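Hi,

I'm handing over the structure we talked about, with some notes to go with it. Please have a look at it first and then read on.

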Amino acid sequence: MNYFGAQQNKQLKKVSPPYRILFFGSDYFSLESLIALVDQQKSEGTSSFVKSIEVVVPPDRRTGRGLKTITQSPVKLFAQDNNLIIHEAPPKTLQTWKIPKPRDLEAIHFDIDSFDIGVVVSFGYFLPPVILESFTKGSMNVHPSLLPKYRGAAPIQHAILNGDQETGITIQELHHEIFDAGKILRQISMTIPSESTYQSLESILAAEGAELLIDTLRYLDYFQANAQEQDITKITKAPKISKDMAEIKWNQITADRLDKLYLNYSPGTIIYDSKSLDSIYVTCNDDKLIECRSVKMERKNEISVKDWINGEFIMTPDTIFTIAGKGSKLNTAEDVQEYVNSILEFKNLEEVVLSGNTFGVEAAQAIAMALKKKDSLKIVNASDTFTGRLREEIPHSVKAICDALEDKECLVELSFSDNAFGPAGAEPMVDFLTNNKSLKILKLNNVGLGPRGGKLIGKALLAAAEKHNAEGRKSSFTTIIAGRNRLENESSQAIANAIAAHGTLVEIRMPQNGIRPEGIITLCKGLAACKNLEILDLQDNTFTAKGARAFAEALVKWPNLKYLNIGDCLLSAKGGVVIAEALLLGHNKKLESLNLQYNEINYKGVKALSSAILTHLKDLVSLELNGNNVEPDDASIKELISALEAHGHADALEEPEKEEDLIEEPSLERLKLEDKDSDIEDIEAPTGTKPQEVEEPLPETKSTNDQVEALSERFAKVQINE
């Protein structure tokens with residue numbers, strides 16, 4: 001079934017209350033709605049519109065230090081206490097899950113095989129059409145925002161971060177194709193109380209949502225008949241809150257924004273105390289001050305400000321020009337004249353930050369003329385600088401900036417991230433990338449390059465490498481960040497060629513690019529040439545077992561690798577074993593962080609990974625394995641935790657994410673690929689064809705050293721010389 005393209009082609013049956021309800025939920029937000037349903041059934045008895053309630057919950061998850069505690073969701077605990085029938089969902093997806101039959105006495109007696117209504121509240125899974133169409137009276141969702149505003153997993157957090165004065169609750173029908181796009185049954189708004197935190201606002205909205213759900217179900221026929229389509233011109237997104245969003249960039253953030261960030265997070269690394277003498281005062285973008293008494297650097301202990309100042313180097317402000325985050329719309333040269341004058345006044349300008357404003361062509365050209373005169377420039381941050389600009393404008397602005405920087409011999413970093421300029425924005429960068437001799441770091445994250453733009457960037461970087469070689473100079477290029485660009489397979493060859501030609505990269509981040517197995521195989525050939533690679537992020541591309549094998553061959557060539565993220569890459573069970581076996585060869589002993597979440601890895605892969613950790617990965621302090629095909633109490637997980645404990649890293653295994661954070665729209669491309677490739681190696685060859693070669697299984701061994709020796713034979717062709 002084409003789940004993304006499926007349409008609801010059957011009319012809802014005329015079903016009168018009371019209803020058989022299948023409730024999908026997990027956390028405290030959804031618990032309020034379940035409690036309301038149960039209370040309604042009990043309080044109104046035979047006159048209630050609720051006939052029966054059964055509950056679907058996610059699997060139990062490991063929590064706490066070392067993930068040794070099995071934690072049940074609040075919804076499951078309540079269901080158990082109230083003798084509700086509980087059905088457990090599979091770990092990751094409902095695509096192949098068979099919806100249960102109602103199990104109340106009447107349903108069993110009359111062989112009733114379907115529920116009337118599906119109620120979904122903060123559940124974290126996409127419900128495919130085959131499930132939605134099974135509900136005779138339809139399905140609905142309680143969403144804590146005024147849809148279509150804040151579609152996604154974190155509407156409450158984004159409302160607080162954006163300083164909204166108003167929010168609300170939407171009761172929507174479930175859409176067959178995408179999250180939070182269903183017809184609106186009910187909607188109420190409310191004022192957000194001042195100083196609301198995520199927890200306090202969630203509690204209020206949970207209660208409001210439960211009440212609105214009951215009222216909607218009571219008069220369901222009316223609200224279904226009058227359901228309204230969402231206004232697609234008003235859609236905004238509320239994606240899952242990531243750890244990166246909690247990062248504080250002092251020269252960009254305002255004090256007000258920091259306060260909103262604190263309401264969503266508890267930073268923990270900053271202490272406010274106006275009476276303290278041992279403090280630093282950090283100036284935010286709006287010229288307000290934040291006082292700090294202590295500092296906690298990544299993976300280091302918290303220390304006093306005094307100790308930090310004595311031990312750390314702080315860049316002096318007279319080398320940085322920034323207008324970050326002002327939100328100014330700058331169209332003409334006159335609009336930026338003040339900034340041009342400031343830039344020209346710097347005697348030793350090293351960094352320019354333009355992000356968070358929008359520049360027209362004339363304004364960009366004026367800034368570029370000022371930058372042209374600053375030979376000491378090291379860093380130029382032009383991320384998020386063209387919002388609201390026409391596509392035909394942006395290339396001229398990009399060209400002006402790039403032309404101004406082309407001959408800068410001190411320049412080490414350029415960022416155009418978060419500018420949706422597409423492949424047209426790549427073309428004016430070609431000359432700069434080809435001819436600049438000092439660039440080390442290129443950031444093009446989330447700019448919509450597409451395959452054509454990816455090819456242009458790849459070819460320009462290749463030409464630069466060739467010029468370096470022709471002139472007898474070693475490349476200085478070390479970092480490329482190009483996530484969320486839909487580079488796809490078509491651009492993988494050009495990018496691989498460029499990476500291999502430089503061979504000097506230490507950091508490569510290319511997540512969410514729609515690269516499929518064939519492209520991964522091609523890309524790995526280029527990656528393998530980077531012998532000094534330390535950081536690699538390819539999250540949310542598609543490997544399968546084929547791509548995993550190619551990646552394993554490259555993996556053993558990176559002895560300095562410290563950070564590896566190949567989560568959400570559909571490695572498959574076989575691919576997970578191959579990656580773990582490559583790590584067991586011992587060529588990645590410096591690895592500190594490893595993300596393998598949502599890859600269909602089974603217990604075999606976990607066992608092999610445990611051996612690799614115990615034998616070689618003594619520095620591994622962060623490991624993410626959420627969403628794989630291993631039960632929390634499986635022996636392989638216990639073995640894994642023991643391996644981490646042996647090196648003093650019992651807390652390295654990341655605590656599973658809350659279910660409400662796991663919402664992810666399924667990719668049509670990935671669904672098709674899963675259906676096509678998931679078991680391709682297990683299909684029997686037709687009669688008369690040459691059977692596919694099958695790898696010999698590893699012999700049973702009595703020691704880890706024997707296993708390593710056997711693996712070394714398999715990977716002999718990719719061994720690196722010590």
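Before the helices, one convention: axes are lines fitted to C-alpha atoms, for helices over the stretch in contact, and angles run from 0 to 180 degrees between N-to-C directions. Helices (H or I, at least four residues) and strands (E, at least two) are DSSP runs, numbered from the N terminus. Please keep in mind that this is a predicted model, where local features need pLDDT of at least 70 and side-chain atom pairs count only at pLDDT 80 or more, while totals for chains, interfaces and linings use all residues. Residues are numbered from 1 along each chain as its sequence is written, and side-chain values use heavy atoms, with hydrogens and water left out.

Here is the overall picture. The protein has 722 residues, 52% of them buried; buried means under 20% relative accessible area, exposed over 50%, and partly exposed in between (1.4 Å probe, protein chains only). Its secondary structure amounts to 23 helices and 26 strands. Of the contacts (heavy atoms within 4.5 Å) between residues at least 6 apart in sequence, 79% link residues at least 24 apart.

On confidence, pLDDT is the predictor's confidence in each residue, from 0 to 100. Its mean over the protein is 82, with 77% of the residues at 70 or more. Residues 265-277 have a pLDDT below 50, and this stretch has 30 contacts in the model beyond near neighbours in sequence. Residues 312-316 also stay under 50, with five contacts beyond four places in sequence. Where pLDDT is low, the predicted coordinates should not be read in detail.

Now to the helix pair. Two packed helices are described by the angle between their axes and the distance between the axes. Helix α17 (residues 517-527) packs with helix α18 (residues 544-555) at an angle of about 5°, and the axes are 8 Å apart. The two helices, α17 and α18, are therefore roughly parallel to each other (angles under 35 degrees count as roughly parallel, over 145 as roughly antiparallel, 65 to 115 as roughly perpendicular and the rest as oblique). On the α17 side the contact is made by Pro517, Glu518, Ile520, Ile521 and Cys524, and on the α18 side by Thr544, Lys546, Gly547, Ala550, Phe551 and Ala554. These contact residues of α17 and α18 comprise seven nonpolar, two polar and two charged; Ala, Val, Leu, Ile, Met, Phe, Trp, Tyr, Cys and Pro count as nonpolar, Asp, Glu, Lys and Arg as charged, and the others, Gly among them, as polar.

In the loop between β23 (535-537) and α18 you will find Asp540. Asp540 is not a glycine, yet has a positive phi near 60°. With 23% relative accessibility, Asp540 counts as partly exposed.

Next, the sheet. Seven strands make up an open sheet with mixed pairing, in the order β5-β2-β1-β6-β7-β8-β9. Its edge strands, each pairing on one side only, are β5 (85-88) and β9 (184-191). Two strands pair if DSSP finds at least two bridges between them. On average, neighbouring strands of this sheet are turned by 20° against each other, direction ignored. Strands β1 (residues 19-25) and β2 (residues 50-57) run parallel and share six bridges; Arg20 has Ser52 of β2 as its bridge partner.

Helix α1 (residues 28-44) lies across β1, β2, β6 (117-121), β7 (139-143) and β8 (166-173), at about 155° to β2. Gln40 sits in α1 and counts as buried at 5% relative accessibility. Leaving out residues up to four places away in sequence, Gln40 touches Ser48, Phe49, Val50, Ile214 and Arg218.

Some backbone details deserve a look too. Most residues other than glycine have a negative phi, and most peptide bonds are trans. Ser122, in the loop between β6 and α4 (129-132), has a positive phi of about 45° and is buried, at 15% relative accessible area. The peptide bond from Pro17 to Pro18 is cis, with omega near 5°, and Pro18 belongs to the segment before β1. Leu147 and Pro148 are also joined by a cis peptide bond, with omega about 15°; Pro148 is in the loop between β7 and α5 (155-161).

Finally, His468 is in helix α15 (residues 450-470) and counts as buried at 4% relative accessibility. Beyond four places in sequence, His468 touches Lys437, Arg473, Lys474, Ser475 and His502.
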